[in-house]
Amino acid sequence: MSAPNKSYDPVEVEALKPEEVERARDAALAAVAAASDLAELQEAKVAHTGDRSPLALANREIGALPPQAKAEAGKRVGQARGAVKKALEQRQVELEAERDARVLVEEAVDVTLPWDRAPRGARHPLTTLSERIEDLFVAMGYEVAEGPQVEAEWYNFDALNILPDHPARTMQDTFFVRAEDGSADSGVVLRTHTSPVQIRTMLTRTPPIYVICPGRVYRTDELDATHTPVFGQIEGLAVDKGLTMGDLKGTLDHFVQAMFGEGIVTRLRPSYFPFTEPSAELDLKCFVCRGASVGDPERPCRTCRSEGWIEWGGCGMVNPRVLIACGIDPEVYSGFAFGVGLERALMFRHNVEDMRDMVEGDVRFTLPFGMEI
Amino acid sequence: MRVPLSWLREYVDLPAGESGRDVADKLVALGLEVETVEQLGADLKGPLVVGRVLEIEELEGFKKPIRFCKVDVGDANGTGEPQEIVCGARNFEVDDKVVVILPGGVLPGPFEIAERKTYGRVSRGMICSARELGMGDDHDGIIVLPIEAQIGADAIELLGLIDEVLDIAVTPDRGYCLSMRGVAREAAIAYGQPLRDPALLDVPDANSYGYPVLVEDAAGCDRFVARTVVGIDPEAPSPLWLQRRVQMGGMRPISLVVDVTNYVMLELGQPLHAYDRARLQGAIVVRRAHEGETLTTLDDAERKLDREDLLICDDRGAIGLAGVMGGASTEIGVGTTDIVIEAAHFDSVSIARTARRHKLGSEASRRFERGVDPEAARAAAQRAVDLLAALGGERAQAEAGVTEVDAPREVVRIVLAADHAARVAGVAYPRETVAQRLQEVGCSVEGIDELTVVPPTWRPDLTDPNDLAEEVIRLEGYEQVPSTLPQVPAGRGLTADQRRRRRIGRALAGAGYVEVLDYPFVGQSAFDDLGLAPDDARRRTVVLVNPISEEEPALRTTLLPGLLGTLRRNLGRGNGDLALFESGVVFLPNASTPRAPQLAVDRRPTDEELAGLTAALPDQPQRVAVVLAGEREHSGWWGKGRPQVWADAIEAARVVADAVGVELTVRQDQYEPWHPGRCAALVAIAADGTERVVGHAGELHPRVLKALHLPERVAAMELDLDLLTADLDGEHLPQAGHISSYPVATQDVALVVDASVPAATVEAALVEGAGVLLESVRLFDVYTGEQVAEGGKSLAYALRFRAPDRTLTVEEATAARDAAVALATERTGAVLRGA
C-alpha cells in the first residue's frame, strides 16, 4: 500500500493508470476463461478478486486521489472489477453444469443395494390392539383401570354374583392357587376375566364411573389353534344415573365403527352372565363382506364364515346385585358392561389363522405388526 | 340339549315349510344358543323299503361267511319279484323284516347303491345296518324290524331317518330348556302359537298304598313321587320311534325301561330313576350319608360318601346318589319285571356339590343343578307309567298305589314397577306388553303401576326385577333397543404408570427389540437351569392346584425363563439375530399368606374386610426384561456386523430408564444367572441419595447357556419397573435447560488407572471436579498395552466446556480440565498420560 500522496498528481499513481487497470482486468478475464474446473476457478477468483489482487489494490488507492481525480479513477476500476465479477459468475455456472454432467455421474451408486444394518423391532400386536381400544375409549372420556392377575375369589366370582354353588362357577375353567397348607382352598385364583377390576373400581370410586379394563386372564384350556390358557381381554364398565341398554348398544356401535369402519354395527343376542341382567352376546356386522356372503355360495366369506356377523364378546346391564356388593345403590344408579377377547379380534381383524402364533413369540409373526395396529 | 324338529312339531304348530335353520334363528333371537342344526339323512336317498327275508343261501369258500338272500320287497322294485341280495351280516333269519336299499338309492357317505357282481353272484341292493343308515355307531348288525312292518313300505319315514336336530347350548339360567317341553314353550312364543304342554296329564291323587317312601331331609328333597309298574316283559323291546328319539336326543337306547325314563326326561326335563322292585328291601329313605359310608354306583365305581351327600336308601343302605346316579345293587337287569319309578325334586346346591365332589356329572345332575320344575314330578311319573304299561307287554300294568311326599315350597313374589323394563332398555313398553310377555313365560301378573309377579315353578332363575325386565326385553326383541350414547364426563387420560409402560414398549421396539408375551408358568427345573441357589428367593413361587402341565405348576418370579425359552424357539426356527423384550408382571409370594376370606355380597365389605383379601394375594410387580443373541448390527455388503455383547443389555436398561426419566447407575455385581465377571447391578439413586438395586444386566453365565442349549455370549437384562419408578412423584416433567450459543471449548485427557478401577468412578470424579463449565464428558478410548504399565489401563476422555454467558478463554477451559483431572487423581489414583 502506498502512502497518501501529497502531490495530488494522479499520473504519479502507477496502479491507477488506465493501461494498468486494463492489464489487470485482461489478466483476470484470461485466468477465468482458462479455469478448467471449479477448483481452478476458485484459485483464479482468489488471485484476481482477493484482497491482494491488483484490482483490489488499485481500488484502495482511489481514496488517496485528489477529489477531482477520484471520479474518473473510480469509474475505471469499478468497470474493470464488474467485468471480472461477471465473467467469474458466468464461468461458475458453466463449470458447475459441466461438473453436474460429468462428476456426479461418476459418483453414482447402486441405491438398490440392501441396507438393513440396524435391526427392526416391533411390539406385540395384542399389546398394540389393546392400546388402540384403550385410546378409543379414553377419547370418549373413559379411564383405564387395572388390577392383579392372581386374584381373590371374592373379586373374581362372589362379588360378580357367581356364587359358590352356582353352575356358572364351573363355566369358566379356573386355575386355583394352592394354599400355604397345600390344600386347594386358598380363596385365590388366576382371574378368569378382567371383571374383578370392575369390582375394584366400583369399590374405590363413586359414580359416575366410566372405565375400560384391559388385561391378561386365564382359563384351563390346552393351547391349540383356537384356544389358549392365557389370553387378553378388554372390558368396559359404566355406572351412572339413568343408563340404559340403549346406551350400551350405542357405545358398542361407536366402538365397532371406530375399529372396523363406517356402517359396521353391533347385534345383541340374549344370553346369560351372572354379573349382568339383562345379558347379551355381542356380534358385529362382518366388516369384510358386510353380510353379502350370506346365502351366496359363490362369494364365501372367510372372516364371518358366511354368517354375516362375527361373534366377539358379551355384554349387559350390570346386575343390581353386583352394584349392591360394591356399595352402590341400584335404586339410584344403573350400569352397563361389556367384554371382548383380544386374540379373537386379532384373528378376525388381521387374519391370524392359528392362536399359537400369538403365543410362541416367533419374531416373523410379530415384526410385520410394527408399533401400532 | 338336542331338539329334533319332528319332535318339536308335536307341541307347537310350526309353519309347514319352516326349516331347522329358520327355527334356530327364531330361538337364537330369544336367547337360546343354537350351536348347530344337524341335517339327519341329508344325503340319504331311497328307494329304502321294508323287506321280508324269503330265503338264505350260505355261500362257502370265502374268507368270511357270506349269505345270498332273496327278499320280498313287494312292488317296491317295480317287478314284485324277490330281490336278490348278497349280505355279510348274520343276525337275521328267514321271515325277519329288514331294511333294504334298492339300486339307485344312496346311503350316507354318500355311498351309491348299484347292481354289482360280488362273491360270484349279482347283488341287487343291500340289507342295511343302523350304522349304514346313519342312526348311530352302536350296532354293526343289520336292523331287524318288528314283525308288523309292512312289506314294501318306505323305511325312511318308518325309521324317521330324515330330520333336523337343533343342538342347543343351554345357559345355566335356562334349566327348563333342557327339555322338549321348555324349548317348545320358547318356540310357541317365538311363533305366537299355543303350546301343547306334554306335562298336562291326568294324574291320580296320592294314596297310602304306594311304595313306601320316607324323606328324612326335606331341605334336600322337597318332593318325591313313587309309582310302580309290574308285569313288564323283560324281552319287550323299545319301539323304533322311541329308540330313534332317545338316540336323536343324544342318548343311547338300552332297554325299554331305561329308554322310557330317558325319553320322559328329554320330554319333560324331570330326571327319573327306575329301581328293580325285587331288589329293593323295605321303604325308600332319602337322607344324608353317614361318616364312612360307601356306594357302588351304576358305573361300577365304589365311592366314599361325604356327610353332605344326599342318598336314596333302602333297608340295606344306600342305593343311589340322589339326583346324580343310581346304585348298582338295584339296577334294572335282564330279568326285571316289576319296577319302582322315582320322580323327585332335589335341592340344586346339594346336587351340584355332590356331582362336583365325586366328579360325576350326569344328565340328571345337570338338570337338577340348573333347577327342575318341582311340579313336573307327578306328570313325569305318570308319563313313564303310561308308556311302560303300553309298551311293556300284555301283562304290564301300573299299580294303583301313588306315593307323594311333598314339602311346602316358598312362593317367590317379585314386585316390579310397570315401567322397569322400559327404564332398563330405553324402550317405552306399555304396561299391557309387559304383563303379556311375563304371562307368556308362565308368570302370574297382578297390579297396575306396580306389578306383583309370581314366576312359574320351572323358572327358579326369575328372582329380581331385572330378571323380569330381561324376559320382556328379549321377547320384544333386543333389536328394538335403540343406539344412544351416554354423556360421559371428561376423563383424565392415561395414568403416569400406563403412559410409562407404553413409552418403554415403544422405546425398546424403536431400539430394535421385538416384544413377546410369554406364559407365566414355570417349574423348579427352570430355576435349576438358571443356576439359582437352593435358598434363592426366586424359588419361592405361587403354585397352582391344577396347572396345564405338572412340569410347570408355578407362576414366574422372573421373566427370564419365558424369554429364554422364546429365544431358543426362535433360534431353533432359524431366526438368528434376536433382540426380544417382555413387559409383564411376576408373582412374588408374601412371607405368610392367609386364606382369602369369604365375604358377604349383600352389602359393601368394610375396608378392613377388603384388606383381608389383599393380604391373601402375592406381590405382582411389573418387570421388563430383554434377551439378545447373534448380531446387534447386521453384517452385509458393507462389511462385518457387530455381535451383541453384555453392554447392549445394559444399554437396554438405559433405554428403559430414559423412557421413564430415571437416571440409572451401573455397578459391577455377581448375581445368577449372569456371568460373574460380566454382570451389572442397575442402581437407581433417589433425590435423597438412597440407592436401590432395580435389576441386573450383562452376559449370561456360560453354564446357564449350556443348560438351556443356547449359544454362547447371550446377554440379558431384567429390571423391576415398580422399583425403578418408586421415587417418581406421579409425572416426570423434563425441564428445559439454558441453551448457550457461545462456542464450545474441547479438551482431551488420557488418564491411566489401575485396571480394577471402574470407568464409572473415574468419570464421576471428572464430572464433579470439572464443575459447572463442563457440558459433557465422553470416554472415547480404552487402552491397555505396551505404553501403559502392567495392570493399568488408559482411559481417554473428551471434555467439552461451555459457559452460558461468554466465550471461554483457553485459560478458563484448561483450569476446569485440570480441576477435573486433579479430583480423578485424588479419587482413583489416575495419572494424566503424557504429563
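This is a predicted model: local features need pLDDT of at least 70, side-chain atom pairs count only at pLDDT 80 or more; totals for chains, interfaces and linings use all residues.
Student: Which geometry class describes the ring pair A:Trp312 and A:Phe348?

Tutor: The search of the whole structure finds 25 aromatic pairs over all chains. In the pair of A:Trp312 and A:Phe348, the ring centres are 5.6 Å apart and the planes stand at 80°. Planes over 60 degrees apart fall in one class, so this pair is edge-to-face.

Student: How many residues apart in sequence are the parts that this pair of A:Trp312 and A:Phe348 ties together?

Tutor: A:Trp312 belongs to strand β8 (residues 309-318) of chain A, and A:Phe348 to helix α11 (residues 342-350) of chain A. The pair therefore ties together parts whose separation in sequence is 36 residues.

Student: Is A:Phe348 buried or exposed?

Tutor: Burial requires a relative accessible area under 20%. The relative accessibility of A:Phe348 is 5%, so A:Phe348 counts as buried.

Student: Which helix gives the most to the lining of the largest cavity?

Tutor: The largest cavity holds about 120 Å³ of space. Of the 13 residues that line it, those closest to its centre include B:Tyr176, B:Asp373 and B:Trp458. Three lining residues come from the helix that gives the most, which is helix α4 (residues 180-191) of chain B.

Student: How many charged residues are in the lining of the second largest cavity?

Tutor: About 50 Å³ of space lies in this second largest cavity, and its lining includes A:Leu160, A:Gln198 and A:Thr276. By class, the lining has seven nonpolar and two polar residues, while the charged residues number none.

Definitions and conventions
Residues are numbered from 1 along each chain as its sequence is written. Chains are lettered from A and ligands numbered from 1 in the order in which they are written. Side-chain values use heavy atoms; hydrogens and water are left out. Rings of Phe, Tyr and Trp (its six-membered ring) pair if their centres lie within 6.5 Å; planes under 30 degrees apart count as stacked, over 60 as edge-to-face and the rest as tilted. Helices (H or I, at least four residues) and strands (E, at least two) are DSSP runs, numbered from the N terminus. Buried means under 20% relative accessible area, exposed over 50%, partly exposed in between (1.4 Å probe, protein chains only). On a 1 Å grid over the protein atoms alone, a cavity is a set of points where a 1.4 Å probe fits but cannot get out, and a pocket is an open set with protein on both sides within 12 Å along at least five of seven lines; lining residues have an atom within 4 Å of a point. Grid points are joined across faces, edges and corners, and a volume is the space filled by probe spheres set on the points. Ala, Val, Leu, Ile, Met, Phe, Trp, Tyr, Cys and Pro count as nonpolar, Asp, Glu, Lys and Arg as charged, and the others, Gly among them, as polar.
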